Amino acid sequence: MASGTLFIVATPIGNLQDITLRAIETLKAVDAIFCEDTRVTAKLLAHLGVTKPLFAYHQHSSDAVVAQIASTLREGMQVALVSDAGTPGINDPGGALIARLLAAEPGLAVVPIPGPNAAVTTLSVSGFPADRFQYWGFIPHKKGRQTLFRELALCEDTVVLYESKHRILKTLGEMQAAFAAAGTPDRPVVLGRELTKQFETLYRGTVEQVATALQNDEVLGEFVLIVGPKGWR
Ligand code: SAM
């Protein structure tokens with residue numbers, strides 16, 4: 001059984017002040033840090049004054065990389081996993097790494113160091129019911145989009161989606177058509193852009209209103225889209 005510990009450390013989604021004391025202590029204490037992009041994490045570590053061996057892990061990492069992390073842990077090392085932003089494992093390669101490591105070492109100690117997450121950050125200011133909600137992550141680029149929009153139009157829960165600047169207007173357009181077809185063209189949404197960053201913006205309204213407001217701004221940055229429950233006013 002592995003004697004090392006894998007710490008899953010949440011990091012800021014924009015504002016570098018949004019990191020917990022425990023996250024900083026953990027990053028200072030571990031023997032090595034695995035991350036998605038060493039350039040991104042190196043910037044954060046420089047800001048925190050932390051110098052540690054830094055290794056890349058991404059969704060295409062080979063079994064050899066996973067075996068290297070597993071053996072590091074087996075030797076009793078303390079290892080941190082961070083992602084480019086937010087909580088590792090939530091829609092990033094961290095989740096697959098944890099699964100692969102647990103498959104290799106079922107007794108592995110995995111310790112969460114909680115902190116920011118883009119979905120929950122946006123949900124917290126949405127004003128929509130969050131005692132029960134669905135998290136759908138990224139909408140597929142091609143196959144399955146229309147089925148998903150039809151399902152969304154019938155969904156009675158708050159739904160949280162991630163979207164990129166390249167597709168946000170297309171997604172809003174197709175969503176608007178699906179809501180209109182379902183007889184709910186006024187279904188409310190909240191679009192969070194660049195949360196915790198300089199150009200943080202929250203757009204509220206119907207899909208049509210939000211799309212128009214976004215088009216009047218520059219379509220730049222990172223987005224979380226929250227759809228209010230069917231029937232919510
Ligand atoms: N693990 C991350 C988390 O805990 O939120 C999510 C990783 S996912 C690969 C990246 C997506 O999260 C972006 O494409 C965007 O949809 C969303 N996101 C991340 N940071 C954001 C921010 N500051 N403002 C709005 N959306 C953000």
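**Legends for close-up views of a predicted model**

**View 1. The protein as a whole.** Residues are numbered from 1 along each chain as its sequence is written, and side-chain values use heavy atoms, with hydrogens and water left out. The secondary structure comes to eight helices and 10 strands, taken as DSSP runs (H or I of at least four residues for helices, E of at least two for strands) numbered from the N terminus.

View 2. The structure holds one cavity of 30 Å³ or more, a cavity being a set of points on a 1 Å grid over the protein atoms alone where a 1.4 Å probe fits but cannot get out. About 40 Å³ of space lies in the largest cavity, with the volume taken as the space filled by probe spheres set on the points. Its lining residues, which have an atom within 4 Å of a point, are C35, E36, Y57, L81, V82, S83, D92, P93 and G94.

**View 3. A nonpolar surface patch.** I90, F133 and Y135 together form a nonpolar patch with about 240 Å² of accessible area; patch residues have over 30% relative accessible area and no salt bridge, and nonpolar side chains are joined within 5 Å. Y135 lies in strand β6 (residues 133-138) and is partly exposed, at a relative accessible area of 33%.

Key. Predicted model: local features only at pLDDT ≥ 70, side-chain atom pairs only at ≥ 80, totals over all residues. 1 Å grid on protein atoms, 1.4 Å probe; cavity = no way out; pocket = protein on both sides within 12 Å on 5 of 7 lines; lining within 4 Å. Patch = residues over 30% accessible without salt bridge, like charges linked within 9 Å, V, L, I, M, F, W, Y side chains within 5 Å. Areas by Shrake-Rupley, 256 points an atom, 1.4 Å probe, with all protein chains shown as cover. Salt bridge = Lys/Arg side-chain N within 4 Å of Asp/Glu carboxyl O. Buried < 20%, exposed > 50% of the residue type's maximum accessible area, 1.4 Å probe, protein only.
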